Amino acid sequence: MRILVAEDEAKARRYLSQGLGEQGYSVTLAEDGNQALSFLREHLFDVVILDVMLPGRDGWEVLRTMRTEGVDTPVLFLTARDHVEDRVRGFDLGGNDYLVKPFAFAELLARLRNLMRRTESAGEPATLQVGDLIIDSLRHQVSRRGRLLQLTPKEYALLLMLARHRGRVLSRTLIAEGVWGVCFEAQTNVVDVVIRRLRGKLDRPFGAPMLRTVRGAGYLLDSADD
């Protein structure tokens, strides 16, 4: 499990990093809200542990921006703010859990496991549809306007990732991590090559592009009508 910890107190960051690392989790640390958002735009995480009182942008603003940008990663607030109003605000903004400091580390681990169980039980529909594009994730089949598309495994994985995050711009780094499990060097054009091949099968035969380039940011998939 990949966890982003956004915490401004150095001692707390070290404690969480060591404890979660000993449990086998991969931990990325952010010391302010802007850094947390930067990581979220460039990398995929399974859970975000988010302090409310962050410099730069506070936890409320980080979560609000995440949800506005289509990042649906589960968020566990970890904060000293224990008023009911704060908890309600966190949930209303799209938070998934709320743990008040000081806390027992065993409880934090239990809440993380529960978040993952809830995410897994929610599951993913067997069929994803974006406009006239249909992805059957059980059969690994893709069709557009009723025509079956012949995709390579990497083309399929890339398209599925974009469809899961419909309308969200995914950077090359994020795509590389999600599809290949690695981060390519900046000068490597592997992602661009697969995108180009995918466009040739997904867009050109139909005259209505769905796969779009956002210059300097990455790629997004959306309905041709949007």
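**First stop: Asp192**

Select Asp192 and Arg172, whose side chains are joined by a polar contact of 2.8 Å; a polar contact is a pair of N or O atoms within 3.5 Å, where within protein one must be able to donate a hydrogen and the other to accept it, and residues adjacent in sequence count only if both atoms are side-chain atoms. The model is a predicted one, in which local features need pLDDT of at least 70 and side-chain atom pairs count only at pLDDT 80 or more, while totals for chains, interfaces and linings use all residues. Residues are numbered from 1 along each chain as its sequence is written, and side-chain values use heavy atoms, with hydrogens and water left out.

Asp192 belongs to helix H8 (residues 190-202); helices (H or I, at least four residues) and strands (E, at least two) are DSSP runs numbered from the N terminus. Leaving aside residues up to four places away in sequence, Asp192 touches Arg172 and Tyr219, contact meaning heavy atoms within 4.5 Å.

Next, select Arg144 and Asp132, whose side chains meet in a salt bridge (2.8 Å, N to O). The term denotes a side-chain nitrogen of Lys or Arg within 4 Å of a carboxyl oxygen of Asp or Glu. In the whole structure, 17 salt bridges are found.

Move to His140, in the loop between strand E7 (133-136) and strand E8 (141-144). Although His140 is not a glycine, its phi is positive, at about 55°.

Select Pro102, which is placed in the loop between E5 and H5. The peptide bond joining Lys101 and Pro102 is cis, with omega about -10°.

The structure holds four aromatic pairs, in which rings of Phe, Tyr and Trp (its six-membered ring) have centres within 6.5 Å; planes under 30 degrees apart count as stacked, over 60 as edge-to-face and the rest as tilted. Tyr15 and Phe103 have ring centres 6.3 Å apart and planes at 55°, so this pair is tilted. Tyr15 lies in helix H1 (residues 10-22) and Phe103 in the loop between strand E5 (97-100) and helix H5 (105-122), so the pair ties together parts 88 residues apart in sequence.

**Last stop: the domain interface**

Finally, colour domain 1 (2-121) and domain 2 (127-221) separately; these bounds come from an automatic or database domain assignment. Eight residues of domain 1 are in contact with eight of domain 2.
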